[in-house]
Each structure stands twice: as C-alpha cells, then as structure tokens.
Amino acid sequence: MDVAGASAGDLGIAVTGGGAAVDGQRVIAAINSRLLRNVHGGAGASLGSIDITNRNGATTAVSLAGAQSVSEVIGLINAAGAGVTASLNNAGNGLKISDTTGASASNLILSGAAATSLGIDANVAGQSVTGGDLQFRYITEATRLDALNGGSGITRGKFKIIDSAGASAEIDLTQGNETSIADVLAEINIRGLQVNARVNDNGDGILIEDTGPGTTAITISELGSTTARDLGLLGTAANPGDNFDGSFQK
C-alpha cells in the first residue's frame, strides 16, 4: 500500500509498500512537548542510543529508540540513573543536560548518533550542556490559517508584494476560499511575480524566494489590513536579490 502527499505526512500515515493496513505515527505530543518527527524542520531526529559520561566518570548507555516526543526523550534520560537530569533549555527550543553527581573527576560527555541529532553531543569540563535550537516545524502547507498566531488566526485582508524587478501585485485573501497555508502560497504564486512562495526549510514561516534579476529588494506591505504582519511577511528583504523569510523565529 502506498500513501503519499503532504496531508498524509501531516497525519503520520505516509508510507510506500507494505501490507493492507497502515499503522500511523503519532500526530500529537504531550502538552508542553513536540513530536520528534517535527524537529529539524520536519526532517525528524535520528535516534538510537546516547552514551552519557557523568562528572564522576561513570558511563551509561541510554536507549532512545522508542521515543516519539521530546518529553519522552527527557523522561528516558531522567529514568536511566546516569547521574544527570534532562530538561528543556531556557529558550524552550532544545535540550539541557545537567550533571547531578557534584563530582569533577571527568568531563561531562554526551556522544552517539542520538546526541548529535538532538544537538547535545559535547565533551565539557562543566556541569551542564545546553543544546541548540532543534528547529521545530510549526507549519506545513496543510496548516489552517485560523490555527496561526496561537489559534487567533489571521486577518483576511490584502497585501502587496514588489519583486526584485520592481513589478508589484496585490495578494487578496478576502475571497473566502483561503483556509490553509497552501492557499496563501497559491495566491502568491499565481500573480506572475518573479518570486516563489513556499514553507521555509525550518517549517516556521513562509519563504518568498527571489527568482528575478535581484535589482531591488523584495518588499511586502499592507493594503489596509494586518494580513502581511499576521503571516510574518511584512517588511523588506535585507538586500537586493535576497529571499524574504517570514520565519517567526528570526
């Protein structure tokens, strides 16, 4: 059985080959957590075993193979008796591993494919390792517009895009048939501008790619509403020829 497409991926049922039934992946995580398949912009995490050497010099191999969410990774590490605690970092976008032994005989060492994938591979003479941004995917083409901005949605108005050749077009989201990110992308891409709109690689905003001459910087402005701002698209690209990235984490 083959199940494909953006919606199938969002629902955790994308598969090629196999039998007559599909056992879908989890599509929601526990509160205050994220599914691991949504990290790295939706590329997911490569998990197996993580080797943890605490500052007392003891090494523990912790299997993360069954984890499907960040909270489950934290729980598995904390239950392993490895002399460390796992938590979210202060930014809430990655992990933090802290030694609890009070010793200093060894460096705090985290290694293995899982440590690398989770951004916490390290060998430090300190009490903790703070992982970097795991780049959680927040939107896909299937994301509904009324789910954006914490569920408050967006204003259904109009905005203007000026491409790098100086041509402009009005993007109208008042027609009543725009319900998803895919609809916004289509509305932009049919306007004949020298741009290509898509979800950015991190899955946290809309990317307006410059496909023109790069003579001027792409500019996006409001037309009597807050629609561009609500979509993270209000402003001007940094330089002529640059793409405009509507990431809300920028």
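pLDDT is the predictor's confidence in each residue, from 0 to 100. I started there since this is a predicted model: local features need pLDDT of at least 70, side-chain atom pairs count only at pLDDT 80 or more, and totals for chains, interfaces and linings use all residues. Residues are numbered from 1 along each chain as its sequence is written, and side-chain values use heavy atoms, with hydrogens and water left out.

**Confidence**

I looked up the mean pLDDT of the protein and got 89, with 87% of the residues at 70 or more. I then checked residues 22–31, where pLDDT stays under 50. The model has 24 contacts for that stretch beyond four places in sequence (contact: heavy atoms within 4.5 Å).

**Overall counts**

I noted five helices and 14 strands; these are DSSP runs numbered from the N terminus, helices being H or I with at least four residues and strands E with at least two. Of the 250 residues, 39% are buried (buried is under 20% relative accessible area, exposed over 50%, partly exposed in between, with a 1.4 Å probe and protein chains only). The protein exposes about 11,700 Å², and carbon and sulfur atoms supply 48% of that (Shrake-Rupley method, 1.4 Å probe; for residues, only the protein chains shown count as cover). Among contacts between residues at least 6 apart in sequence, 51% join residues at least 24 apart.

**β8 and its partners**

I went along β8 (158–162) looking at side chains. In a regular strand they alternate between the two faces of the sheet. I found β8 paired with β9 in the antiparallel sense over five bridges (strands pair if DSSP finds at least two bridges between them). β8 also pairs with β12 (residues 219–222), antiparallel, over four bridges. Ile162 stands opposite Ser168 in β9 and opposite Thr219 in β12. The hairpin of β8 and β9 has five residues between the strands, and Gly166 takes a positive phi near 95 degrees there.

I traced an open, antiparallel sheet of three strands in the order β10-β11-β14. β10 (195–199) and β14 (244–245) stand at the edges with a single partner strand each, so one side of each has no neighbour in the sheet. Five bridges join β10 to β11 (residues 206–210), and Val199 stands opposite Ile206 in β11.

Helix α4 (residues 181–189) lies across β10 and β11, at about 175 degrees to β10 (axes are lines fitted to C-alpha atoms, for helices over the stretch in contact; angles run from 0 to 180 degrees between N-to-C directions). I listed its buried residues as Ile181, Val184, Leu185, Glu187 and Ile188. Seen down the axis they fall within an arc of 160 degrees, so they line one face of α4 (the arc is that of the directions from the helix axis to the C-beta atoms). They pack against β8, β9 (168–172), β10 and β11.

Most residues other than glycine have a negative phi. I flagged Gln135 with a positive phi of about 50 degrees and Asn149 with one of about 55 degrees. Gln135 is in the loop between β7 (128–130) and β8, and Asn149 has its place in the loop between β7 and β8 too. Gln135 is partly exposed at 28% relative accessibility, and Asn149 is partly exposed at 43%.
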